[in-house]
Amino acid sequence: MPPYRKYVRKWFLLNAEVAPAPFSPADVANLELWLDASDSSTITLDGSNNVEQWDDKSGNSGRDAVQATVARRPPLGTINGIQALDFDGIDDLLTVTHGAWADLPSYSIYGVVSMDDTSLLFRAWIGKEASVATRKFIIGNDSVSGLSGLFYNSVLDTINVSKASTYANNVPVLISAHKDGNTTARAYVNGSASSADTTVTTGTNTANIQIGAGAFGGYLWPGQIGEILIYSDHHSGATRGLIEAYLKAKWGTP
């Protein structure tokens, strides 16, 4: 090779533009739980093609969502043509074993979900309760007041999430909820704030986290769940926007 070609090649290699790596939720610090139904490698099916286990992608150990009872395992479905879990609203749910990480003074929760029947009363796609009256975090639909909401802690401090026009049967939505220490929390639907800051407090709750229901099998979700992210940090501004943009582009939410 002529000498000048060697130097030209070296210059090109040093100065060539390198495409940036695609964004991953793991790029944001303090990721505690990441369930991604579009990633088939995280899904374990039983002999009836129902979901026995949904693996956590956060990099933490012991946080996979599982269902030991065959009759309570959800099948696969889709959200905008992308693989999701399809809960029947009758008895399907998965459980993530509680750990110290689950009692968070600050947190951000994101979920891409779709509901088959938005008229049903108090349905939750994620929940953690010590009893019916002590809900750690549930995000669901309240047909009585025409709202969906995040119900938090033993006194049921509530962040009301106004029903958007896109929150209808079989229309996927992106919901996120954010708590800042022992002070305030706020919820968003499809990237838009749907509540004012609400004063909340932190309680101790050792119940397991339920996917597709509130704890103890209540408030069962009738519809699809595509992705869930939980961070032990309060997100606002650019960070929340970055994660919501990733979910919107991936799942095609409004």
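Arg63 and Glu32 join their side chains in a salt bridge, 2.7 Å from N to O. The model is predicted. This pair links distant parts of the chain, 31 residues apart. Arg63 sits in the loop between strand 3 (51-54) and strand 4 (65-66), Glu32 in strand 1 (residues 31-36). Both Arg63 and Glu32 are buried.

The count comes to 8 salt bridges. Among them are these:

| Pair | N to O distance |
|---|---|
| Arg63 and Glu32 | 2.7 Å |
| Lys57 and Asp39 | 3.1 Å |
| Asp46 and Arg73 | 3.0 Å |

Lys57 lies in the loop between strand 3 and strand 4, and Asp39 in the loop between strand 1 and strand 2 (43-45), so their pair ties together parts 18 residues apart in sequence. Lys57 counts as partly exposed, at 26% relative accessibility. Asp46 lies in the loop between strand 2 and strand 3, and Arg73 in the loop between strand 4 and strand 5 (76-79); they are 27 residues apart in sequence. Asp46 is buried at 13% relative accessibility, and Arg73 is buried at 9%. Shared partners join Asp36, Asp39, Lys57, Glu227 and Lys250 into one salt-bridge network.

The largest nonpolar core has 28 residues. Trp54, Leu85, Trp125, Ile211, Ile225 and Ile228 touch the most other members. Strand 8 (residues 107-115) gives the largest share, 4 residues. A second, separate core of 14 residues includes Val112, Leu229, Tyr231 and Tyr246.

Helix 2 buries Arg240, Ile243, Glu244, Tyr246, Leu247 and Trp251. They cover an arc of only 150° around the axis, which puts them on the same side of helix 2. Exposed Ala238 and Ala249 are on the face turned away from the buried side. Just after helix 2, Gly252 takes a positive phi of about 70°.

Note on methods: Residues numbered from 1 in each chain as written. Predicted model: local features only at pLDDT ≥ 70, side-chain atom pairs only at ≥ 80, totals over all residues. Heavy atoms only, no water. Core = buried A, V, L, I, M, F, W, Y, C linked by side-chain atoms within 4.5 Å. Buried < 20%, exposed > 50% of the residue type's maximum accessible area, 1.4 Å probe, protein only. Helix = DSSP H or I, 4+ residues; strand = E, 2+ residues; numbered from the N terminus. Arc of directions from axis to C-beta. Salt bridge = Lys/Arg side-chain N within 4 Å of Asp/Glu carboxyl O.
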